[in-house]
Amino acid sequence: MALLEVKDLKVRVEEREILHGLTLTVNEGQVHAIMGPNGSGKSTLSHVIAGKPGYEVTGGQILFRGEDLLEMSPDVRAAKGVFLAFQYPVEIPGVATMTFLRTALNAQRKARGESEYSTPDFLKKVREVSKSLGIPQDMLKRGVNVGFSGGEKKRNEVLQMALFEPSLCILDEMDSGLDIDALRIAADGVNALRSPERAMVVITHYQRLLNYIVPDVVHVMSKGRVVKSGGKELALELEASGYAQFEDAA
Amino acid sequence: MPAVQETVERVKRIDVDQYRYGFETLIESDKAPKGLSEETVKFISEKKNEPAWMLQWRLEAYRRWLTMTEPTWARVDYPKIDFQDLYYYSAPKPKKTITSLDEIDPEILKTYEKLGIPLREVAMLEGVEPKPGDQDPNRRKIAVDAVFDSVSVATTFKAELKKAGVIFMPISEAIREHPELVQKYLGSVVPTSDNFYATLNSAVFSDGSFVYVPPGVRCPMELSTYFRINERNTGQFERTLIIADKGAYVSYLEGCTAPQRDENQLHAAVVELVAHDDAEIKYSTVQNWYPGNSEGKGGIYNFVTKRGDCRGDRSKISWTQVETGSAITWKYPSCILRGDNSSGEFYSIAISNGYQQVDSGTKMIHLGKNTSSRIISKGIAAGKSQNTYRGLVTAHRKATGARNFTACDSLLIGDKCGAHTVPYIEAKNSSATFEHEATTSKISEDVLFYCIQRGLSQEEAVGLVVNGFVKDVLQQLPMEFAVEAQKLISISLEGSVG
Ligand SMILES: Nc1ncnc2c1ncn2[C@@H]1O[C@H](COP(=O)(O)OP(=O)(O)OP(=O)(O)O)[C@@H](O)[C@H]1O
Ligand SMILES: [Mg+2]
């Protein structure tokens with residue numbers, strides 16, 4: 001069943017059209033990779049799906065389990081299971097990571113009408129997940145992402161994803177800034193979350209990540225559109241020949 | 001709509017209904033005739049059964065006040081106050097003399113209950129007081145002196161404090177029972193001639209708290225006062241005097257609320273602290289007086305003089321304040337670092353929203369040798385409010401080795417508010433080291449969106465980010481107050497986003 005349907009989406013930012021009729025369908029259980037040159041609109045797409053203010057949708061629609069996503073406020077989308085691992089995670093000084101995780105998790109659960117986690121249950125869960133991602137406990141006492149290295153910030157995104165158990169995970173350049181070991185750990189974390197109910201959209205510039213997180217479908221984006229879709233071998237093809245051939249198509 | 005834009009829109013819609021403490025209590029009260037004259041001053045003094053010296057002191061202040069003019073240097077703007085149009089004294093009419101909590105008007109007790117103040121000792125036993133054998137230091141006792149309009153209605157835990165030798169009572173009682181202490185210290189930190197509002201207070205102050213901690217005594221519990229303004233057109237003029245004798249320690253908490261009204265209410269308090277050799281006083285305030293409605297109508301005018309005198313060597317005074325209410329705040333808790341090696345601290349969170357105007361800060365006056373001071377100020381402005389930090393740090397010629405560190409951070413929510421930093425620094429000797437840091441930033445759209453993407457509502461996101469911004473100061477508050485303050489910050493910002 002289709003989890004996410006993006007239909008002929010047109011988006012403007014500050015009077016300039018960035019997405020010019022983008023179409024994409026992601027089914028439950030699938031992993032989709034999106035590749036494309038800098039500035040082709042990958043992050044823009046992820047922001048619009050998540051509901052970031054400042055983007056004007058001038059055409060098309062986005063359905064999530066058949067519901068109009070664009071009608072929902074971003075926190076409602078989060079509670080419904082839309083998760084975006086940011087390309088550039090922000091720092092929140094003075095707010096301990098642990099406090100943040102708990103506040104966010106309970107806010108989502110409350111919105112879904114579920115009970116809040118008890119403190120011991122929550123701590124147990126965080127410990128488990130952070131251990132598997134190689135995140136030391138004392139890092140969780142620090143302000144959210146404050147003074148974290150690039151790699152630590154990305155791991156913190158995967159930690160949240162594992163904790164919130166969303167049904168749609170959008171990973172925007174999760175691999176940038178990760179060293180080889182960290183990449184493998186983070187990818188293992190992501191793979192552990194693959195399930196028949198959950199779908200993932202993995203945005204990346206490098207085929208290497210797709211060796212770890214093997215996609216069902218690969219899309220090539222150029223100038224605000226999906227210009228080609230194929231199997232995982234499409235990524236290899238891109239690695240060999242670059243984007244030039246698709247730019248003409250766009 | 002961008003998040004901040006939305007915040008601004010919602011700020012416009014804030015309404016008086018959102019002030020949680022805006023209820024009025026219907027009780028009979030005993031008022032002085034309207035207006036200010038020698039007669040008013042005498043009326044108050046008589047009501048309080050004061051000795052002659054006290055009346056003289058008041059009258060001198062009153063005469064001095066007649067020669068003074070209202071200060072205009074603060075960055076606040078308000079219509080001229082008609083000092084003859086106010087009531088200077090209002091007391092809940094007691095049925096008879098109060099000797100125990102049970103005799104207090106149940107209406108008043110109910111008011112305090114609504115405010116969440118643990119006035120009843122019963123409630124204290126259930127809530128805050130540790131059970132026998134319970135050594136958890138976070139569950140400390142708090143003794144409360146509650147001031148309702150102008151008089152103290154009850155002081156809890158008096159007996160237990162007495163055992164420790166600590167005097168904690170309404171100042172009106174202290175004037176009668178401990179005249180030698182009051183005479184020695186009253187006006188010794190804030191002289192009757194100090195400034196317009198302090199002089200006014202000296203003439204007409206009606207009640208407040210008095211604390212004396214004898215040499216070497218560590219006060220066994222947090223002391224606390226709650227002020228509430230209930231009567232219409234009543235100025236509230238409390239006077240608080242706290243003395244920590246040699247080697248003593250006391251932590252004092254002050255909380256304030258007022259019912260919402262269209263007209264403005266005046267509040268001009270004076271707080272004096274005296275710390276002798278090796279003594280320490282920690283004074284914390286959580287102020288949430290009614291801030292006025294969405295059009296800037298009503299609200300408390302808060303003109304307060306708070307000053308601490310580090311009179312002894314190695315003494316320490318620490319002010320911590322969380323200011324979220326009042327239409328106008330004019331307040332500069334200060335330290336006079338007279339004793340050698342004495343130190344002063346000022347930790348402040350000032351939140352303004354709607355049409356609130358805050359002009360607040362501190363003065364650190366270094367007089368003794370090797371004195372040090374530390375100022376951490378966090379200003380948050382939302383709506384159409386103006387938030388000014390005004391600070392003065394001076395080192396006297398003889399204050400060799402004086403050190404100060406100042407950090408002022410301002411956070412803006414929306415683009416119709418303003419934050420201003422006005423530091424004055426004056427070092428009259430070359431060995432002083434003064435450091436000053438200041439930042440002003442807008443609440444970041446990206447940070448808010450990050451939080452919202454993780455499931456927080458817009459309001460919760462703003463609350464979380466702001467609580468992070470003020471964390472350094474929150475940590476300075478006693479445990480019980482920190483939790484309350486954190487909630488209060490979220491509540492006062494709730495107004496800012498819907
Ligand atoms: N707020 C904005 N204002 C103006 N232009 C913007 C804004 N956000 C994005 N753009 C423009 O939209 C285009 C697409 O940007 P986007 O960040 O989506 O690209 P991307 O595919 O994620 O690139 P990269 O691979 O470098 O991350 C770029 O030309 C960018 O400059
Ligand atoms: Mg990008």
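Figure 1. A backbone N or O atom of A:Gly41 lies 3.0 Å from an oxygen atom of ligand 1. The structure shown is a predicted model. Two side chains also approach ligand 1 through an N or O atom: that of A:Asn38 is 2.9 Å from a ligand oxygen atom, and that of A:Gln87 is 3.2 Å from a ligand oxygen atom. Ligand 1 taken alone exposes 640 Å², and the protein buries 67% of that area.

**Figure 2. The shell of residues around ligand 1.** The shell holds 15 residues, of which A:Gly39, A:Lys42, A:Ser43, A:Thr44 and A:His205 come nearest to the ligand. By residue class, the shell divides into 3 nonpolar, 8 polar and 4 charged residues. Two elements of chain A, strand S2 (16-27) and helix H1 (42-50), each supply at least two residues of this shell. The largest share, 3 residues, comes from H1(A).

**Figure 3. The interface of chain A and chain B.** On one side 29 residues of chain A take part, in contact with 20 residues of chain B. The size of an interface is often given as the accessible area lost when the parts come together. Here the area buried between chain A and chain B is about 2,000 Å², and carbon and sulfur atoms give 70% of it.

Figure 4. Side chains of opposite charge can pair when their charged atoms come close. Between chain A and chain B the count is 2 salt bridges. One of them joins the side chains of A:Lys52 and B:Asp446, with an N to O distance of 2.9 Å. Across this interface, 9 residue pairs are in polar contact, counting pairs with both residues at pLDDT 80 or more.

**Figure 5. The side of chain A that touches chain B.** The elements of chain A that give two or more residues to this side are helix H2 (74-80), strand S6 (82-85), strand S7 (92-96), helix H3 (97-111) and helix H5 (150-164). H3(A) provides the largest share, 5 residues. The residues on this side of chain A divide into 19 nonpolar, 6 polar and 4 charged.

**Figure 6. A salt bridge between two loops of chain B.** Over all chains, a search of the whole structure finds 26 salt bridges. In the pair B:Arg314 and B:Asp278, the closest N and O atoms are 2.7 Å apart. B:Arg314 lies in the loop between strand S13 (299-310) and strand S14 (316-323) of chain B, while B:Asp278 lies in the loop between strand S11 (270-275) and strand S12 (280-287) of chain B.

How values were computed. Residues numbered from 1 in each chain as written. Chains lettered and ligands numbered in written order. Heavy atoms only, no water. Near = heavy atom within 4 Å. Polar contact = N/O pair within 3.5 Å; in protein donor to acceptor, adjacent residues only side chain to side chain. Areas by Shrake-Rupley, 256 points an atom, 1.4 Å probe, with all protein chains shown as cover. Helix = DSSP H or I, 4+ residues; strand = E, 2+ residues; numbered from the N terminus. Nonpolar A, V, L, I, M, F, W, Y, C, P; charged D, E, K, R; others polar. Contact = heavy atoms within 4.5 Å. Buried area = accessible area lost by both parts, 1.4 Å probe. Salt bridge = Lys/Arg side-chain N within 4 Å of Asp/Glu carboxyl O.
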